[in-house]
Amino acid sequence: MSTSIIKTLIFDKQVRLYLTNNTGLLNEIIPIHQEANHVIKATLANSLSVVSLLSATLKEKQRLSTTLLMSQPKNKMHIDVDAQGNLRGYANDHLLAQEPTSVKQLIGQKGSIRMIKSSNMNQFTGITDMPYQDIDKDFSHYFQQSEQTDTLFKTNIDWTKKNTIANSYGLYAQLLPQASKELLMYVGEAFDVLTSVLSKLSNMTETELAATLRKYFGEFSIIGYDEVQFFCDCSKEMFFGLLHAMNKGEIENQIQSGQPMPASCNICGKTYLFTTEELRTYLQEDGNG
Ligand SMILES: [Zn+2]
């Protein structure tokens, strides 16, 4: 299921404003991490929402790899997206073993955001700290610091009692050169009144959207739509690497048992099965190589 990002210019082309309601998209990704602590899930969902909006800022072959490095350096969260809107994200095993009680505690005093923007030709790495211990504010801070552009992220996720996502939406706003900084503040303040629009964005017609946006942001124009979808590029071949990490005895035991060995992708939840025949071949090749 893909989700749309509506790209607009507001305040007479002084601010770039992108809007999305990504409830369906997040409900595809978050249940894969059902076992995770709720704070971890909420932080992952929030980060996915922010990074999904960023996909609309990428061009052609660009890809953005984001890592949240928590205060405890072994705890990491990865979210990747490319210009085609292929999005994926997960918390590493070390983080999944934690039981944080709040986002602030999870990020801690020394958390940081690292972003690698790459294309075929070049690569740019930026890293900033997370002074707010708050996903929206710290991502906004990242762009302020690392790219010297006034940027604002505002997202909201409503959870059901069963810990699934009832509604998730957000906006990305960026000041264009020479625009007054106050305009961005104004967008931030308008977020609360925009809730009624953002929560049902996918069911709104362009005319309805235009009527509301014009009310708050003056002259505006829709400049395009981008799609974002969950995508994992894992393959069975990639999991042969896991076999390297096992000792020969373990693999032999598996062969003896006569049962195929499962290996699961922690990004998309897909399980690959290695037949005893494949394991036997692997051991032979490993022995020869
Ligand atoms: Zn996968």
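Reader: Why is Cys-268 called buried?

Author: Cys-268 has a relative accessible area of 19%. The cut-off for buried is under 20%, so Cys-268 is buried. The model is predicted, and the value is computed from it.

Reader: What makes Cys-232 buried rather than exposed?

Author: Cys-232 has a relative accessible area of 18%. Exposed requires over 50%, whereas buried requires under 20%; Cys-232 therefore counts as buried.

Reader: Which protein atoms are the donors of the zinc ion?

Author: The donors are the SG atoms of Cys-232, Cys-234, Cys-265 and Cys-268. They lie 2.2 to 2.3 Å from the zinc ion, and the limit for a donor to this metal is 2.8 Å, so these SG atoms qualify as donors. Along the chain, the donors follow the spacing C-x1-C-x30-C-x2-C. Cys-232, in the loop between β10 and α8 (236-245), and Cys-268, in the loop between β11 (261-264) and β12 (271-274), are 36 residues apart, and the pair links distant parts of the chain.

Reader: Why is the arrangement around the zinc ion called tetrahedral?

Author: The 4 donor atoms subtend angles of 106 to 115°. Four donors count as tetrahedral if all angles lie between 85 and 135 degrees, so the arrangement around the zinc ion is tetrahedral. The ideal angle for four tetrahedral donors is 109.5 degrees.

Reader: How do you know that β11 and β12 pair?

Author: At least two bridges are required for pairing. Strands β11 and β12 have 4 bridges, in the antiparallel sense, and therefore count as a pair. Within this pair, Ala-263 stands opposite Tyr-272 in β12. The hairpin of β11 and β12 has 6 residues between the strands, and Gly-269 takes a positive phi near 85° there. Strand β11 has a covered face, Met-261 and Ala-263, and an uncovered one, Pro-262 and Ser-264.

Reader: What makes strand β5 (residues 86-91) and β10 a pair?

Author: Strand β5 is joined to β10 by 2 bridges. The requirement is at least two, so the parallel strands β5 and β10 meet it. Leu-87 stands opposite Phe-230 in β10. Strand β10 (residues 221-230) also pairs with strand β1 (residues 2-10), here in the antiparallel sense and over 8 bridges. In that pairing, Ser-4 stands opposite Glu-227 in β10.

Reader: Why does Pro-177 count as exposed?

Author: Pro-177 has 69% relative accessibility. The threshold for exposed is over 50%, so Pro-177 is exposed. This residue lies in the loop between β9 (165-175) and α6 (182-198). Pro-177 and Cys-268 are 91 residues apart along the chain, and their C-alpha atoms are separated by 40 Å.

Reader: Why does Gln-133 count as buried?

Author: Gln-133 has 14% relative accessibility. That value meets the condition of under 20%, so Gln-133 is buried. Gln-133 is found in the loop between β7 (123-129) and α5 (135-146). Leaving out residues up to four places away in sequence, Gln-133 touches Val-103, Lys-104, Ile-107, Gly-108, Gln-109 and Asp-138.

Reader: What is the phi of Gln-133?

Author: The phi of Gln-133 is near 50°, a positive value in a residue other than glycine. Most residues other than glycine have a negative phi. Asp-12 likewise is not a glycine and has a positive phi, of about 55°.

Reader: Is Asp-12 buried or exposed?

Author: Asp-12 has a relative accessible area of 55%. The cut-off for exposed is over 50%, so Asp-12 is exposed. Asp-12 is found in the loop between β1 and β2 (15-21).

Reader: Which domains does the domain assignment of the protein chain give?

Author: The assignment gives domain 1 (2-230) and domain 2 (236-288). Their C-alpha centres lie 37 Å apart, and the contact takes 6 residues from domain 1 and 4 residues from domain 2. About 470 Å² is buried between domain 1 and domain 2, and carbon and sulfur atoms give 64% of that area.

Reader: How many helices and strands does the protein chain have?

Author: The protein chain has 10 helices and 12 strands. Its C-alpha trace spans about 70 × 45 × 40 Å along the principal axes. Of its 289 residues, 49% count as buried. Among contacts between residues at least 6 apart in sequence, 61% join residues at least 24 apart.

Key. Residues numbered from 1 in each chain as written. Predicted model: local features only at pLDDT ≥ 70, side-chain atom pairs only at ≥ 80, totals over all residues. Heavy atoms only, no water. Donors = N, O, S within 2.8 Å, 3.2 Å for Na, K, Ca; no water. Tetrahedral: all angles 85-135°; square planar, octahedral: opposite > 155°, others 65-115°. Buried < 20%, exposed > 50% of the residue type's maximum accessible area, 1.4 Å probe, protein only. Domains from an automatic or database assignment. Contact = heavy atoms within 4.5 Å. Buried area = accessible area lost by both parts, 1.4 Å probe.
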